Amino acid sequence: MSQYILAILTAIIIGYAVNSSVRVISGGEEGLVERLGQYKRTIKSGLNFIIPLIEKVVYVDTTRERVLDVEPQPTITKDNVALEVDAVLYWRILTLRKAYYEVQDIEAAIGNMVLTTIRSEVGQWEMKQTLSRTDIISKNLLSKLDQATANWGVKIIRVEIQSITPPKVVRESMELERAAESEKQAMITKAEGKAASIERLATALNLEPNSEEFRKFLIAQTYVEANSKLSESANSKIIFMDPKALSEAISGLMGESENNT
């Protein structure tokens with residue numbers, strides 16, 4: 001009976017030893033092995049053998065690229081404008097041993113480093129610059145974060161500024177400024193179009209745009225168009241004018257133009 005119990009205990013011990021001596025690591029992951037409480041080695045994906053009771057796997061993590069989405073953070077620009085910056089970070093572990101032993105909670109540490117670096121970087125730019133140079137700011141953040149996290153065995157792959165949001169009053173002011181600029185551009189375009197039309201008309205009449213004959217023609221044309229629009233009005237009255245008188249009126253206008261010049 002005692003031999004039977006001993007055999008069972010022996011089988012249990014052997015089964016435990018075999019089971020605890022084998023560790024399978026999934027693809028894209030690595031593990032850290034400690035021997036008697038001290039780091040011994042890093043095991044890769046696949047089947048790995050561990051010395052029972054002496055060694056143990058203390059940490060397993062992925063070495064694949066991962067994403068850290070940074071919540072919108074309040075920042076202050078160089079010209080003292082409060083902005084909210086939303087960013088996303090792509091990173092991966094290069095050296096698992098450093099990521100585990102050099103810093104506590106690697107992802108939280110990177111998140112805090114990102115916040116500090118974003119605030120520092122935005123503080124070096126004026127508000128309008130931050131809105132127009134997000135690509136440069138992203139590159140600067142990448143460089144600074146990659147250097148700052150190198151001792152943690154981490155590689156920062158890229159940083160993207162997703163949005164920069166000014167305060168409501170600043171956004172309204174920017175909208176008014178854009179509207180004014182659009183109106184100004186529209187007026188310029190209209191004036192340029194009118195000038196081009198006048199140039200084409202003068203060419204068609206075989207006249208110089210600055211000649212007296214062309215100015216007289218424009219005055220007469222303006223007078224005829226004005227009367228035409230007046231006749232289209234709902235409140236207009238029909239006035240019969242002798243063609244001779246009409247010619248004299250136009251001639252009078254031309255004469256006034258000559259006297260004014």
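Me: Which element has the lowest mean pLDDT here, and which the highest?
Reply: Among the elements of this predicted model, helix α8, residues 243-260, has the lowest mean pLDDT at 50, while α2 has the highest at 94.

Me: And what is the mean pLDDT of the protein?
Reply: The mean pLDDT of the protein is 76, and 59% of its residues reach 70 or more. Where pLDDT is low, the predicted coordinates should not be read in detail.

Me: OK, on to the aromatics. How many aromatic pairs are there in the whole structure?
Reply: A search of the whole structure gives 3 aromatic pairs. In one of them, the ring centres of Tyr 59 and Tyr 100 lie 4.7 Å apart with their planes at 25°, so this pair is stacked.

Me: What does the pair of Tyr 59 and Tyr 100 tie together?
Reply: Tyr 59 belongs to strand β5 and Tyr 100 to helix α2, so their pairing ties together parts that are 41 residues apart in sequence. Tyr 59 counts as partly exposed because its relative accessibility is 22%, and Tyr 100, at 32%, also counts as partly exposed.

Me: What kind of pair do Tyr 100 and Tyr 101 form?
Reply: Tyr 100 and Tyr 101 form an edge-to-face pair, with 4.8 Å from centre to centre and 85° between the planes. Tyr 101 is partly exposed, with a relative accessible area of 33%.

Me: Which residues do the ring pairs link into a cluster?
Reply: The cluster linked by ring pairs consists of Tyr 39, Tyr 59, Tyr 100 and Tyr 101.

Me: Let's turn to Asn 48. Is it buried or exposed?
Reply: Asn 48 lies in strand β4, and it is buried because its relative accessible area is 13%, which is under the 20% cut-off.

Me: Which backbone oxygens does the side chain of Asn 48 reach?
Reply: The side chain of Asn 48 reaches the backbone oxygen of Lys 44 at 3.0 Å, and it also reaches the backbone oxygen of Gly 46 at 3.1 Å.

Me: And which residues does Asn 48 touch, not counting those up to four places away in sequence?
Reply: With those sequence neighbours left out, Asn 48 touches Ser 21, Val 22, Arg 23, Ile 25 and Ile 43.

Me: Last topic, backbone angles. What is the phi of Leu 53?
Reply: Leu 53 has a positive phi of about 70°, although it is not a glycine. Most residues other than glycine have a negative phi. Leu 53 sits in the loop between β4 (46-49) and β5 (55-62), and it counts as exposed because its relative accessibility is 76%.

Me: How far is the C-alpha atom of Leu 53 from that of Arg 35?
Reply: Those two C-alpha atoms are separated by 9.0 Å, with Leu 53 and Arg 35 lying 18 residues apart along the chain.

Me: What about Asp 105, and where does it lie?
Reply: Asp 105 is not a glycine either, yet has a positive phi of about 60°, and it lies in the loop between α2 (96-101) and α3 (106-122).

Technical notes:
Residues are numbered from 1 along each chain as its sequence is written. This is a predicted model: local features need pLDDT of at least 70, side-chain atom pairs count only at pLDDT 80 or more; totals for chains, interfaces and linings use all residues. Side-chain values use heavy atoms; hydrogens and water are left out. Helices (H or I, at least four residues) and strands (E, at least two) are DSSP runs, numbered from the N terminus. Buried means under 20% relative accessible area, exposed over 50%, partly exposed in between (1.4 Å probe, protein chains only). A polar contact is a pair of N or O atoms within 3.5 Å; within protein, one must be able to donate a hydrogen and the other to accept it, and residues adjacent in sequence count only if both atoms are side-chain atoms. Contact means heavy atoms within 4.5 Å. pLDDT is the predictor's confidence in each residue, from 0 to 100. Rings of Phe, Tyr and Trp (its six-membered ring) pair if their centres lie within 6.5 Å; planes under 30 degrees apart count as stacked, over 60 as edge-to-face and the rest as tilted.
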